[in-house]
Amino acid sequence: MSELLRCSALSRSFGSLKALDNINLKIEAGKIVGLLGPNGAGKTTLLKMMNGLLQPDSGEIRICEMKPGVETKKIVSYLPDKMYFADWMRVRDIKELFADFYTDFDKSKSTEMCRVLGLDDGQLIRTLSKGTKEKMQLMLVMSRNARLYLLDEPIGGVDPATRDFILKTIITNYAENSSVLISTHLISDVEQVLDEVVFLQDGRITLQDTVDNIREKNGESVDSLFRTMFKFENKTGGEE
């Protein structure tokens, strides 16, 4: 397997808050990896760094041997945890925007995903439900033929049926030479699609292993192990 992503001694602070502390992480191609941790663990901060939206205080990131920047944006498809499109736009407007901006945006793929997800090109964003907006953003991100997909809470705040639909969309729309990194605290919902997991707590990686190894070594599910390790810890404030 070829290495897609490597983080080496990565640290980042916001004032006195240590958001990430000496992160060392490697992700190979062909994997769906869960970035798992309670609120405030540093998940969003780490994904933003991988996408070049934040810079580390120390350490480095390499994506296909490149630092995050213009070149990596061509091969990284990022789903933020908050929608950033204007309410007056229609679905077709955003598809055209992505097609103009990203050379790897597959129009035929987006058309098929819109059909499957029940999205109409003429729909105004302001008329869409939260779940439908989640589907629309996922359609845009997964319609790119990227190498690395970074998904920040792709199933947060939507109903269980929509969660299942979104997860099915993720696993059927990425290539074998690419990988997907899913940030979430809804472990039981995503465990079925994950190959590996990374546990993040207080800005540190406390565990990285395959799902099969966790089940074999511990005799329990990833969700059960997560609940034991974090004891339903739920922080507020600061970056995720």
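Modeller: Let's start with the overall build. A compact globule with 240 residues would have a radius of gyration near 18 Å, and the protein chain has 17 Å, which agrees. That radius is taken over C-alpha atoms, and the globule rule is 2.2 Å times the number of residues to the power 0.38. Along its principal axes, the C-alpha trace spans about 45 × 40 × 35 Å.

A word on the ground rules: this is a predicted model, so local features need pLDDT of at least 70 and side-chain atom pairs count only at pLDDT 80 or more, while totals for chains, interfaces and linings use all residues. Residues are numbered from 1 along each chain as its sequence is written, and side-chain values use heavy atoms, with hydrogens and water left out.

The protein chain has nine helices and nine strands; these are DSSP runs numbered from the N terminus, with helices being H or I of at least four residues and strands E of at least two. Of the 240 residues, 48% count as buried, meaning under 20% relative accessible area with a 1.4 Å probe on protein chains only, while exposed is over 50% and partly exposed lies in between. Looking at contacts (heavy atoms within 4.5 Å) between residues at least 6 apart in sequence, 71% join residues at least 24 apart.

The part I'd pick is strand β7, residues 179-184, and the sheet it belongs to. That is an open sheet of six strands in the order β5-β6-β7-β3-β8-β9, with mixed pairing. Two strands count as paired if DSSP finds at least two bridges between them. In general, strands of a sheet pair through backbone hydrogen bonds, either parallel or antiparallel. At the edges stand β5 (76-79) and β9, each with a single partner strand, so one side of each is left without a neighbour in the sheet. From one strand to the next, the twist averages 15°.

β7 has β6 on one side and β3 on the other in that order. With strand β6 (residues 148-152), β7 pairs in the parallel sense over five bridges. Here L148 stands opposite S179, and L150 has L181 as its bridge partner. With β3, the pairing is again parallel and over five bridges, and L36 stands opposite T184.

How enclosed is β7? Six of its six residues are buried, so the strand is largely enclosed by the rest of the structure. Both faces are covered: S179, L181 and S183 on one side, V180, I182 and T184 on the other.

M136 is found in α5 (residues 130-142) and counts as buried, at 1% relative accessibility. Leaving aside neighbours within four places in sequence, M136 is in contact with M83, F85, V91, I94, L119, I125 and L128.

On the sheet itself packs α9, touching β3, β8 and β9, and its direction makes about 15° with that of β8; axes here are lines fitted to C-alpha atoms, for helices over the stretch in contact, and angles run from 0 to 180 degrees between N-to-C directions. In α9 (residues 222-230), V222, D223, L225, F226 and F230 are buried. They cover an arc of only 160° around the axis, going by the directions from the helix axis to the C-beta atoms, which puts them on the same side of α9.

One last stop is E153, in the loop between β6 and α6 (160-171). Its phi is near 50°, a positive value in a residue other than glycine, and at 13% relative accessibility E153 counts as buried.
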